[in-house]
Amino acid sequence: MATHVHLVSHDGVFQEIEARQHRLTADEPLNNHGSDKGPAPYELLLASLAACSSATLRLYADRKGWTLGTIKADLTFSRDKDGNERIERVIGFSERLTDEQMERIRDIIEKTPVTKTLKRGTPIATRFE
């Protein structure tokens, strides 16, 4: 499996991104030299993790015949004074699940593809043309 995005940046830190037929933008807030025309890169990272988490849980629950209702996810990225980074992920469902279902959900969320990629620390190879 390979996934690809294409990015063009003409000026400043505003980025135009293409992912298949979809167009996204990325920028930095005004207080970080940006024009605030789109989410910051770390916000996109959190959005990716949230979307993967929700989609994986929904697919799993649907396969099991469980009703999750509305899924809500709140994610926060932080870095302490020593440079240690952390993502806090809070997930909620509008439907009540049994203790056994929640135990399985807790196991599954740690196995979502983006979660596993982030926890593994994927190598990045860069070349310049």
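Rings of Phe, Tyr and Trp, with the six-membered ring taken for Trp, count as a pair when their centres lie within 6.5 Å. In this predicted model, a search of the whole structure finds two such aromatic pairs. The salt bridges come to seven, and the largest nonpolar core holds eleven residues.

**Aromatic rings**

- Tyr42 and Phe77 form a stacked pair, with 4.2 Å from centre to centre and 25° between the planes.
- This pair links distant parts of the chain, since Tyr42 is in helix H1 (residues 41-64) and Phe77 is in strand S4 (residues 71-79), 35 residues apart.
- Tyr42 has a relative accessibility of 40% and therefore counts as partly exposed.
- Tyr60 and Trp66 have ring centres 5.6 Å apart and planes at 80°, so this pair is edge-to-face; the angle that decides it is over 60 degrees.
- Tyr60 and Trp66 are both buried, and both belong to the largest nonpolar core.
- A charge also meets a ring: the charged end of Lys37 sits over the ring of Phe14, 5.2 Å from the ring centre.

**Salt bridges**

- Asp107 has a salt bridge to Arg104, at 2.3 Å from N to O.
- Asp107 and Arg104 are three residues apart in helix H2 (residues 99-109), so about one helical turn separates them.
- Asp107 also meets Lys111 in a salt bridge, here at 3.1 Å from N to O.
- The residues around Asp107 have these accessibilities: Asp107 is partly exposed at 31%, Arg104 is partly exposed at 32%, and Lys111 is partly exposed at 47%.
- Glu110 and Lys119 form a salt bridge whose closest N and O atoms are 2.2 Å apart.
- Glu110, at 34% relative accessibility, counts as partly exposed, whereas Lys119, at 60%, counts as exposed.
- Salt bridges with shared partners join Arg89, Glu110 and Lys119 into one network.

**Nonpolar cores**

- In soluble globular proteins, nonpolar side chains tend to be buried together.
- The largest core here is made up of Leu57, Tyr60, Ala61, Trp66, Leu68, Ile71, Phe93, Leu97, Ile105, Ile108 and Ile109.
- H1 and H2 are the elements that give two or more residues to this core.
- Ile108, one of the core residues, touches Thr56, Leu57 and Tyr60 when residues up to four places away in sequence are not counted.
- A second, separate core has six residues, among them Leu46, Leu49, Ala50 and Cys52.

**Leu68**

- Leu68 lies in the loop between H1 and S4, and its 2% relative accessibility makes it count as buried.
- Not counting residues up to four places away in sequence, Leu68 touches Leu57, Arg58, Ala61, Phe93, Ser94, Glu95 and Leu97.
- Of these contacts, Leu57, Ala61, Phe93 and Leu97 are listed with Leu68 in the largest core.
- Leu68 and Glu43 are 25 residues apart in sequence, and their C-alpha atoms are 25 Å apart in space.

**Ser53**

- Ser53 lies in helix H1 and counts as buried at 0% relative accessibility.
- The side chain of Ser53 reaches the backbone oxygen of Leu49 at 2.7 Å, and Leu49 is one of the residues of the second core.
- Leaving out residues up to four places away in sequence, Ser53 touches Arg89, Ile109, Thr112 and Thr115.
- Among these contacts, Arg89 takes part in the network with Glu110 and Lys119, and Ile109 is in the largest core.

**Gln15**

- Gln15 has its place in strand S2 (residues 15-19).
- With a relative accessibility of 18%, Gln15 counts as buried, because the limit for that class is under 20%.
- A polar atom of the Gln15 side chain lies 2.8 Å from the backbone oxygen of Val13.
- Apart from neighbours within four places in sequence, Gln15 is in contact with Leu7, Val8, Ser9, Leu24, Thr25 and Ala26.

How values were computed
Residues are numbered from 1 along each chain as its sequence is written. This is a predicted model: local features need pLDDT of at least 70, side-chain atom pairs count only at pLDDT 80 or more; totals for chains, interfaces and linings use all residues. Side-chain values use heavy atoms; hydrogens and water are left out. Rings of Phe, Tyr and Trp (its six-membered ring) pair if their centres lie within 6.5 Å; planes under 30 degrees apart count as stacked, over 60 as edge-to-face and the rest as tilted. Helices (H or I, at least four residues) and strands (E, at least two) are DSSP runs, numbered from the N terminus. Buried means under 20% relative accessible area, exposed over 50%, partly exposed in between (1.4 Å probe, protein chains only). A charge sits over a ring if NZ of Lys or CZ of Arg is within 6 Å of the ring centre and within 35 degrees of the ring normal. A polar contact is a pair of N or O atoms within 3.5 Å; within protein, one must be able to donate a hydrogen and the other to accept it, and residues adjacent in sequence count only if both atoms are side-chain atoms. Contact means heavy atoms within 4.5 Å. A salt bridge is a side-chain nitrogen of Lys or Arg within 4 Å of a carboxyl oxygen of Asp or Glu. A nonpolar core is a set of buried Ala, Val, Leu, Ile, Met, Phe, Trp, Tyr and Cys residues joined through side-chain atoms within 4.5 Å.
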